[in-house]
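Dear colleague,

Please find the structure below, together with a summary of what was found in it. I would be grateful if you could read the two side by side.

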Amino acid sequence: MSTNRVARRAVLVGASALAVSLGLAATVHAETIDDAPASGVLQVWIGGAEGEKLPSFLADFEKANPELKVEITQIPSDQFDAKLLTAIAAGTVPDLVRLYSQSQASLMATGAFAPVPEGLVKAEDFFPGAYATSVKGGVAYGVPMDAYATMFQYRKDLADKAGLAAPKTWDEMKAFAKAMQGQGATWGLGMDIGYDIYNAQGLNEYVHQNGGGFLSADGTQWTINSDANVAALDYWGSFFKEGLASPDGPKFLDTVPWFTSNEIAGKDIGPWFEQWLVDANGRDWVNANLATAIMPAGPAGSVSALGSGSLAVLKDGKNQTAAWKLVRYLSQPETQVGWYKYFGSLPAVKAAWDDPAIAGNGLLNAQREALQTAVDVPQVSTWNQVGTYLGQQMELVARGQATAKQVLDDVQAFAEGAGVGN
Amino acid sequence: MSGKHRLRTALLYAALTLVAVIVLLPFVWVLFGAFKTQGEIMAAPGAWLPQDFSNLANFAELFERRQFGTYMGNSLIVSAFTVASNVLFSSLAGYALAKLPFKGSKLVFGCILAAMMIPYIALFVPQFFIIVQFGLVNTLAGIILPIAVMPIAVFIMRQFADSVPDELLEAARLDGAGEFRIFFGIFLPLVGPAIATVAIITFLNSWNYFLWPLIVAQDQGTYTLPVGLAVASQAARSIDYGLLLAGAIVVLLPVLILFLFLQKYFVRGVAVTGLK
């Protein structure tokens, strides 16, 4: 683990403890937001490259709200949570932030966010998994801005040579991987092998494909070592045991050279993979060699891992009204399409997907389908600890050093110690 | 020189050159990468050399659109003040602790040593509260203050000060010189290597300082270079390696130049204090 990540964790833990001890309990009070132009200064913190593009994208919004000055600060995404938690603890918060679904539960636990005003948006306009991420105790504290689901992406050329279509079931995925090796791929598939929290996020989709889940239905108990979950991890581990996937790679951006040079022939990966391949190999190569499909279905169906970014307003922010007006603007289908064209983030609003800019890209059909049923990581504040530990322990299964049952029993005990937070 | 001896020297140099090349390869890759496009870096199999060495687009992007000029200015201010204040206060403290016996000096030194043992991350949130109370959020002063006097700097100066002969200071005192005169006129010129060591260590610390400047800054106008680099190299669901590598060169260059000029002092400082 790098120093930065250790540091980040320490700050997270310290700041969470402080925030909680300050007694920042959520008070539910939802006002309505009028249609008058916003005014004053609006401070926005945003992680990732979004912060670079958002200022110019908001030119229209600023023109429609001439009395408003939007100040956007771009934050390194790795340290976003640490910075925001410290700011919450010290009371130096901005008005509006974009949260990452993977880690927003621990931020929400501080109670620092304002409930979404009544009538601002309609829940049914969004993909259900993405909207549910920000709902706590029946109250929404954030509005999804973008969403993605992982897909099964594979080498169309090799599959065509083998005379195979995309695998539709767990069994077919095995057969597909073997057939790809018959076509010269070193490994049939690339499985997630970062052995970190994202690995646990990946397992989350397999356990749901098998009818399992890491949390009980009411979200109060960890159910990590349930039979369905053990079977799902067993299935995941069997790809390594049977020599269909490598426990050593690819890890992240190296997926591009592995995929290009026949080291792997398929991977469960997000929609950004297409652009990575276009950058490296050009559009023609992608058109000829890349295909996408929804994840092969397990006994309980096809389920993908969901990632989303939600806009949330700080209740100690100085200009909440303007912040909600910007949230409303960014949630309009036409704004969502505009943002997709400008930056490439996929809309969280379903209606935006009817626009030809998105509907016309065949590689995104699977994405749209996957988003309907994609599942997010458990939205509890201890997921950071539990997911990180689970991801680490999955390496034992990948390398054949422990059984799925042993690993999940161990992680269950760890998770019970950590609890589900608040 | 005998033939055998010459052969041994040649072999030794060959081995050293090989190790040097292996150590330098990643740096060379960084340097070459700074001139590549994202496509070239992601391509499989990647080429060592960039297609075009005159491709300065990454550097231009950093300075023209990503505010690297501002970040560099902030970093230079933070580092200059940090070095100056550490050199001044740690040499004063080191002199007092080593050469001016006073009641409780051992306790004070013990406390300074203890402060070195506390992980910096444990002080993080309380420090931020203090900076908020002082009204120094989003200021360079807020970034500098917690590292204005580093315990390690006091420790180094105190160790060096110990090696200065008492007789010299005594002689000056007999001649009627005041403590400040002794400090500036006699003590400081004798501890040059220690000052250089403190300067280098505190410069490196402040120049590479990441998390704290990020927390204190509330807008990008107050970002320092490492924070700016982390922000600039973000791409959509990815990393813009071209910008990252070009930025790394920009961040590295001043450190490299400083090291080349002060290498002699640095080595001597390490040898005397036994610290790296």
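In α13(B), the buried residues are L225(B), P226(B), V227(B), G228(B), L229(B), V231(B) and A232(B). Buried means under 20% relative accessible area, exposed over 50%, and partly exposed in between (1.4 Å probe, protein chains only). Seven of the eight residues of α13(B) are therefore buried by that definition, and the helix is mostly covered. Helices (H or I, at least four residues) and strands (E, at least two) are DSSP runs, numbered from the N terminus.

This is a predicted model, in which local features need pLDDT of at least 70 and side-chain atom pairs count only at pLDDT 80 or more, while totals for chains, interfaces and linings use all residues. Residues are numbered from 1 along each chain as its sequence is written, chains are lettered from A and ligands numbered from 1 in the order in which they are written, and side-chain values use heavy atoms, with hydrogens and water left out.

The interface between the chains

Chain B contributes 33 residues to its contact with chain A, and chain A contributes 38; contact means heavy atoms within 4.5 Å. The two chains bury about 3,000 Å² between them, with 66% of that area on carbon and sulfur atoms. Buried area is the accessible area (1.4 Å probe) that two parts lose on being put together, summed over both.

Two salt bridges are found across the interface of chain B and chain A, a salt bridge being a side-chain nitrogen of Lys or Arg within 4 Å of a carboxyl oxygen of Asp or Glu. One of them joins the side chains of R66(B) and E52(A), at 3.3 Å from N to O. Eleven residue pairs are in polar contact between chain B and chain A, both residues being at pLDDT 80 or more. A polar contact is a pair of N or O atoms within 3.5 Å; within protein, one must be able to donate a hydrogen and the other to accept it, and residues adjacent in sequence count only if both atoms are side-chain atoms.

On the side of chain B that touches chain A, the elements giving two or more residues are α2 (38-42), α6 (124-133), α12 (211-216), α13 (225-232), β1 (234-235) and β2 (238-239) of chain B. Of these, α6(B) gives the most, with five residues. By class, this side of chain B has 23 nonpolar, six polar and four charged residues. Here Ala, Val, Leu, Ile, Met, Phe, Trp, Tyr, Cys and Pro count as nonpolar, Asp, Glu, Lys and Arg as charged, and the others, Gly among them, as polar.

Domains of chain A

Chain A is assigned domain 1 (3-148 + 307-364) and domain 2 (151-305 + 379-418), with bounds from an automatic or database domain assignment. The C-alpha centres of these two domains are 29 Å apart. Their contact involves 15 residues of domain 1 of chain A and 19 residues of domain 2 of chain A. The area buried between them is about 1,400 Å², and carbon and sulfur atoms give 55% of it. Q102(A), Y148(A) and L363(A) supply 44% of the area that domain 1 of chain A buries against domain 2 of chain A, more than any other three residues.

Between domain 1 and domain 2 of chain A, the rule finds zero salt bridges and two residue pairs in polar contact, both residues being at pLDDT 80 or more. The elements α1 (3-21) and α5 (104-108) of chain A give two or more residues to the side of domain 1 that touches domain 2. That side has six nonpolar, seven polar and two charged residues.

Domains of chain B

In chain B, domain 1 spans 3-33 and domain 2 spans 66-273. Their centres, taken over C-alpha atoms, are separated by 34 Å. Five residues from domain 1 of chain B and five from domain 2 of chain B make the contact. About 380 Å² is buried between these domains, 88% of it on carbon and sulfur atoms. Zero salt bridges are found across this interface of chain B.

Two residues of chain A

D146(A) lies in strand β6 (residues 143-149) of chain A and is buried, with a relative accessible area of 1%. Its side chain makes a polar contact with the side chain of R98(A), at 3.0 Å. A217(A), in the loop between α9 (197-209) and α10 (227-241) of chain A, is exposed, with a relative accessible area of 91%.

With kind regards
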